[in-house]
Amino acid sequence: MSRFVPYRERCPVRSELNAELTRLLEPGRVLTSPAELAAYEYDASPESGRPDVVVLPESVDEVVAVVRLAARRGIPVVPRGAGTNLSGGSVAPAGGIVVHLSRMNEVYEIDAEGRRAVVGPGVVNHRVNALAAPFGLHFAPDPSSYRASTVGGNIAENSGGIHALKYGVTSHHVLGLEFVTPRGDVVRTGSKADGLWGYDLTGLLVGAEGTLGIVTKAILRLTPIPEGIETILALYREVGPAAEAASDVIAQGIMPAALEMMDRPSIDVVRESVGVDYPHDAGAVLLIEVDGEEATIAGQAEAVRAVCRRPGCLAVESTRDPVQRDRLWLGRRVAYAALARFGKAMIVCDGTVPRDTLGTIVPEMERVASELGLHYSNTFHAGDGNLHPKLLYDADDPRSRIAMLTASRRILEMCVEAGGTITGEHGVGSEKTAALRLVFGPTELELMRRIRRVFDPEARSNPGKVFDEPPMPRPKPPTRGLAEFVDQLRDIVGAEAVSGEYDIRAAHAMDGLVPSFVVWPSTPEQVAAVLGACWAEGAAVGVAGGGTRRSCWAPLSAYDVCLSTGRLDGVIEHRSANLSLSVGAGMTLAAAQDHVGAACQRLPLAASYPDFVSVGGLLARRASGPEELRFGPVQHRVLGLRVALGDGSLARLGGRCMKNVAGYDVAKAILGSCGTLGVICEATLALQPAPEAARWVQAEYASMGGAFQSARALARDAVELWALEVAYPRPAAYALVCGTEEDATRRARRCVELMEGSGAQSASILSQREAARLWPELRDFPGPPGRPVLPPSHAAGLEVRVPPAACPDLAARLPEVEARHRLEAGLLAGAGTGLVRVRLRCHGDAGSGSRLAAAVVALSELAASLGGTLHVEWAPLDVRQAWRDAVPAPDGLALMRWLKAALDPGGVLNPGRMAWIGERADTSDESVRGHAVRAR
């Protein structure tokens, strides 16, 4: 197997290197002896590679010093945590310096009210949970090695674990990072506010396996520990009925905290090794855990037991007792270690498939292993389709090793053929670099290599991992004249889908600019071809979705071609049993909701005016809404994208599976980029079972302080909230609870009790008619241009992100802004999320425009002082220009500019929309321009 490892020679001046490192660190933290290096030659995979030296830094400054020394000498750097990686991600196949981060294990902060933790990369998962537990909180990702694995390792691999089904993988719980680039620069991304300004570098770093830099600090999201837990164990004669039961549990509208399965070989190994009392005729074990409020668990558990009792089921038992729960989980927990009794080498394949294919895939995997004479077992996460087939082989027998490689390759091929991927949580490492081609084509691989070059031009950060080939230059197509350019557009999309008529062009004007042409492609391939033509011509492209946000963010600086996604419409695939929906980017949010609603499912996304807003536009802006409290921000709902890039290439990113760590998560960078990195053509989204009932609770208060105090009381209680909003100027709080009719009503009554007990002047459960009026009012606050109460020239809608604990401070300062700038303000604050939407309006007297602009700038500065960010959802052109000129540049700006140049080399996509990022990359910074050329 060939691997791209630029550094191939062992360190020729090892003594000089060791001496320099010893001057940077204490001698005891520079390991050089053969015995010491041998301990770092392996991780938990069959891969190996001995480093030239191992260092143990204790601060970010020491990491910077080591990395800069390595950069000067051209030596590879390999970050390492606890070494529990299962794909060779922390070994050093090309030698170099292993940077062991175990001593960077400080817990800097546990913010109980804001539900945040700030920790070093060497902190063990279990320790985070031990420190957060007294506050009723925990760090949800729980890989099997959670008692040993470190936060930095979890971030490198985007680890999942048993409870990822309900709570998500590591990327769902990382809000920000501090990392050292391969050049030795320190960059900080994200914040405790869970808001972003610029491209999502955090999303790219999580799961990048140390190839983009070394994480030195992380801001983590903490979640409440559930009030109650019940574990259910069901035994089956065969895997098929167990897999069907796993799908049917979720189809019933129940989202378990965990849904695990063991096959017959695993059962036999566990029975013989630790004596777990499984029947000898059991062919599959299904372990299901439900958690939440004590009052709701009984009903959910009974529903699960009813689903499990089907033909082929041998027995079902359940318990809430912690000791008995541990007994039921014992077999699953020891299954991996029990295989050690065979005394053979082992490989774990870690493929992921859509949940609805488990019944056919699992028996087929066992058949493949049996034909090749290998011992096989499978303990896996059935709820999210993440399989862990284990193959035992004799590492000293070439025939056995070939059989293992053949079987593992075929198993991964089967996963991809079923619509899945080659790795759900263990990573690509050095083990699966060749298998990456099963998932991605040349376009996607080249895109990721370009991104690698943005961060690490010399490929020295963890070389030989993820990719096995260097990037290739992409030639620019020849420039054509204007007439040929127009003819080319018509050839691509059809003459009727290109218009140069002034009335049509004027109707698509943005930011005072009228395009020369409007183009309506109807397929992703047409979108890519149009962008390729525009790249060759140097024509600036403005992307238009549903038209509800033409005056958002910073103004366009150029606009030659309007590319409308309106014809990229319709449902591509709805896999109800897999809880996934694939749609064209031009489909409206309302149409998508109606489609899945017929299957008693829902898409947990919200946006103003869903009848108009397109799914692609919503994702491009990373728009969110009140239900973010329950389901997280929009990026947590995106499984995959199909994106046309600025150079005319068409890339498929992600897929249909929730757990997927094959390659870089480029989709995270595309989301929220406002069409400046690529045009979203299709999206695959994660669905949720629709609740039986929903109840809105409304309470009014004498002051905003009272409303936020009440919101804190609700957040501290065990009641499960879907939304919790506080409004101004009329102080009020709104809570949304869902569930069965009985549970929703009980939760709503509990909300009323808490609100009345914390100072509400009145609190009531709204009728369905009242709620039907309230929901659009909350959802559509503030409205887009053309729909505000006053004309757009006198109003602005803003989205502010601050740490949740800072929401009361922001609300308290808003009256000062009103008074100083003589305008009216309204606010709707997500008390548990920190998402605050602000509406400003002033009367059309002289100077109203300048007052409005000054108020927006003042609020932007206020948000920054509170540790947050402000984006303009809609506002007049002069207001957005003032905001653009005042907004501070984000940390990591150079990386963002290089990323823009790598994905949009001609700078043709929505130029200017991201304020600091865009065409400035090619005009104001010589080093950026040179690096951008190398990145191509």
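Is Asp-904 buried or exposed? Asp-904 is buried, at a relative accessible area of 1%, where buried means under 20%, exposed over 50% and partly exposed in between, with a 1.4 Å probe and protein chains only. The structure is a predicted model, in which local features need pLDDT of at least 70 and side-chain atom pairs count only at pLDDT 80 or more, while totals for chains, interfaces and linings use all residues. Residues are numbered from 1 along each chain as its sequence is written, and side-chain values use heavy atoms, with hydrogens and water left out. Helices (H or I, at least four residues) and strands (E, at least two) are DSSP runs, numbered from the N terminus.

**Buried loop residues**

- Asp-904 sits in the loop that links α29 (893-903) and α30 (926-935).
- Apart from neighbours within four places in sequence, Asp-904 has contacts with Gly-646, Thr-676 and Leu-909, contact meaning heavy atoms within 4.5 Å.
- The Asp-904 side chain also reaches the backbone nitrogen of Val-908, at 3.1 Å.
- Between Asp-904 and Leu-392 there are 46 Å in space, C-alpha to C-alpha, and 512 residues in sequence.
- Asp-647 belongs to the loop between β26 (638-645) and β27 (650-654), and is buried at 2% relative accessibility.
- The side chains of Asp-647 and Ser-649 are joined by a polar contact of 2.6 Å; such a contact is a pair of N or O atoms within 3.5 Å, and within protein one must be able to donate a hydrogen and the other to accept it, with residues adjacent in sequence counting only if both atoms are side-chain atoms.
- Thr-181, in the loop between β8 (174-180) and β9 (186-190), is likewise buried, at 5% relative accessibility.
- Leaving out neighbours within four places in sequence, the contacts of Thr-181 are Val-67, Val-187 and Leu-895.

**A four-stranded sheet**

- An open sheet of 4 strands has the order β1-β2-β4-β3, with mixed pairing; two strands pair if DSSP finds at least two bridges between them.
- β1 (30-31) and β3 (77-80) are the edge strands, each with a single partner, so one side of each lacks a neighbour in the sheet.
- β1 and β2 (residues 53-55) run antiparallel and are joined by 2 bridges, with Val-30 opposite Val-55 in β2.
- Helix α1 (residues 14-24) lies across β1, β2 and β4 (97-100), at about 5 degrees to β2; axes are lines fitted to C-alpha atoms, for helices over the stretch in contact, and angles run from 0 to 180 degrees between N-to-C directions.

**Individual helices**

- Helix α3 (residues 60-73) has 14 residues, which at 1.5 Å a residue should span 20 Å, and its end C-alpha atoms are 20 Å apart, in agreement; the expected span is 1.5 Å times one less than the number of residues.
- Among the buried residues of α3 are Glu-62, Val-67 and Ala-70.
- Gly-74 follows α3 and has a positive phi, near 70 degrees.
- In helix α15, 11 of the 14 residues are buried, so the helix is largely enclosed by the rest of the structure.
- The buried residues of α15 include Glu-444, Glu-446, Arg-449, Arg-450 and Arg-452.

**A helix pair**

- The axes of α27 (residues 848-865) and α28 (residues 877-886) come within 9 Å and cross at roughly 35 degrees.
- Residues making this contact include Gly-849, Leu-852 and Val-856 of α27, and Val-879, Ala-882 and Trp-883 of α28.
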